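Please keep the sequence and the 3D view at hand while going through the points.

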Amino acid sequence: MPLSNRPLTPAQVRYYEEFGYVAVEGLLAEEEVAAFLRHEAERPKDTPYNLHGHCLDERYRYLAAHPAVAGGAQQLLQGPPAVVQTMLLDKSPAGGQGIALHQDCHYLPNEPNTLMACWLALTETDRGNGGLCVVPGSHRLGLQAAHKAKDPGEHAVWENRHAMRDRQGREWQETLVSFEIDVDPERIRYLTVPRGGGVFFTGMTIHGSYANRSENRPRIAFAVHYVHRGTWVLREDVQDTMPVLSL
Ligand SMILES: O=C(O)CCC(=O)C(=O)O
């Protein structure tokens, strides 16, 4: 199927532009979700993918280049997408940690800024099992001050050194932490996204999640981060973006 199909309606595109995100049901068919989860359960886990699953694993690449997923990204970017990273976000019941509210541009500085994501629900997801939250309209606020996440009962807490390189070849190191932006709780929207649905959001949209407090409902999601082809990503580990060619 060619990428040029336009999976999103004009109303969905307008919603994304206005609020910085749009939730869309049925991006993946049930057989596609089931095939991915089967593959994930069976694959050897000895080599961590470290954000590069789309380069190493045909099933990860399939989701990252899927016509409805990459096609939606192409529509919203108004041009050809390139994959920066892929992540499987598997949050177990009874306390699996969330990712504190953040903007992806803190983690993935890029020039000019075209960063966006498609987050896919591979199980039913809602507030009760640590579903995705967004702050509508936050993509218009600029990059917000953030501190290291404080509550390991709720969120993953970490710190990493990263090699950076700009277009001119200048190199340096930066410390990235599990960023957290303090947000008025009233502004947080807790999304219910059914299995196979997804959420497109910009690299400036504040989003994240809380711990999975359900007794027995895993929350599995798959996130693909894209930039417009030709964008420079400053972090060296994800600098070689993968253009999404016609499928
Ligand atoms: O799945 C989550 O809990 C958060 C995902 C996220 O932060 C992202 O996809 O950038």
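This is a predicted model: local features need pLDDT of at least 70, side-chain atom pairs count only at pLDDT 80 or more; totals for chains, interfaces and linings use all residues.

His162 has Glu174 as its bridge partner in strand 8.

- Strand 7, which covers residues 159-165, pairs with strand 8 in the antiparallel sense, and 7 bridges are found between them.
- Strand 8, residues 171-177, is hardly covered, since the count of buried residues among its 7 residues is 0.

- Strand 13 is largely enclosed by the rest of the structure, because 10 of its 10 residues are buried.
- This cover extends to both faces of strand 13, with Arg219, Ala221, Ala223, His225 and Val227 buried on one side, and Ile220, Phe222, Val224, Tyr226 and His228 buried on the other.
- Strand 2 runs antiparallel to strand 13 and is joined to it by 10 bridges; within strand 13, Val227 is the residue that stands opposite Ala82.
- Strand 4 also runs antiparallel to strand 13, to which 6 bridges join it, and here Ala117 stands opposite His225 of strand 13.

**The largest nonpolar core**

- The largest nonpolar core contains 56 residues, and those with the most contacts inside it are Val69, Met116, Leu120, Phe200, Val224 and Tyr226.
- Several elements each supply at least two residues of this core, among them strand 1 (21-24), helix 2 (30-42), helix 4 (58-64), helix 5 (69-77), strand 2 (81-91) and strand 11 (198-202).
- Strand 13 provides the largest share of this core, namely 7 residues.
- Val69, when its neighbours within four places in sequence are left aside, is in contact with Leu27, Leu63, Cys118, Leu120, Gly198 and Val224.
- Helix 5 is mostly covered, as 9 of its 9 residues are buried; among these buried residues of helix 5 are Val69, Ala70, Ala73, Leu76 and Leu77, together with Gly71, Gly72, Gln74 and Gln75.
- Helix 5 is followed by Gln78, a residue whose phi is positive, near 55°.

**The surroundings of the ligand**

- Which residues surround the ligand? The ligand is surrounded by Leu89, Gly98, Ile99, Asp104, Ala117, Trp119, Leu132, His207, Gly208, Ser209, Ala221 and Ala223.
- Strand 4 (116-121), strand 12 (207-208) and strand 13 (219-228) are the elements that give two or more residues to this shell.
- Sorted by class, the shell around the ligand holds 7 nonpolar, 4 polar and 1 charged residues.

- An open sheet of 3 strands is arranged in the order 10-5-12, and its pairing is antiparallel.
- The edges of this sheet are strand 10, residues 189-190, and strand 12, each of which pairs on one side only.
- Strand 5, residues 133-134, is joined to strand 10 by 2 bridges, and these two strands run antiparallel; the bridge partner of Val134 in strand 10 is Arg189.

**Two residues in loops**

- Met204 is located in the loop between strand 11 and strand 12, and Met204 counts as buried because there are 20 C-beta neighbours inside 10 Å.
- Not counting residues up to four places away in sequence, Met204 touches Gly20, Gln103, Cys105 and His139.
- Met204 and Thr114 are 90 residues apart along the chain, and their C-alpha atoms are separated by 9.5 Å.
- Ser92 sits in the loop between strand 2 and helix 6, the latter covering residues 104-107.
- Is Ser92 buried or partly exposed? Ser92 is partly exposed, because 17 other C-beta atoms lie within 10 Å, and a residue needs 20 or more to be buried.
- Ser92 touches Asn212 and Pro218, when residues up to four places away in sequence are not counted.
- The C-alpha atoms of Ser92 and Tyr16 are separated by 30 Å, and the two residues are 76 residues apart along the chain.

How values were computed: Residues are numbered from 1 along each chain as its sequence is written. A residue is near a molecule or strand if its C-beta atom, placed from the backbone, lies within 6 Å of it. Helices (H or I, at least four residues) and strands (E, at least two) are DSSP runs, numbered from the N terminus. Ala, Val, Leu, Ile, Met, Phe, Trp, Tyr, Cys and Pro count as nonpolar, Asp, Glu, Lys and Arg as charged, and the others, Gly among them, as polar. A nonpolar core is a set of buried Ala, Val, Leu, Ile, Met, Phe, Trp, Tyr and Cys residues joined through C-beta atoms within 7 Å. A residue is buried if 20 or more other C-beta atoms lie within 10 Å of its own, exposed if 12 or fewer, and partly exposed in between; C-beta atoms are placed from the backbone. Two residues are in contact if their C-beta atoms, placed from the backbone, lie within 7 Å. Two strands pair if DSSP finds at least two bridges between them.
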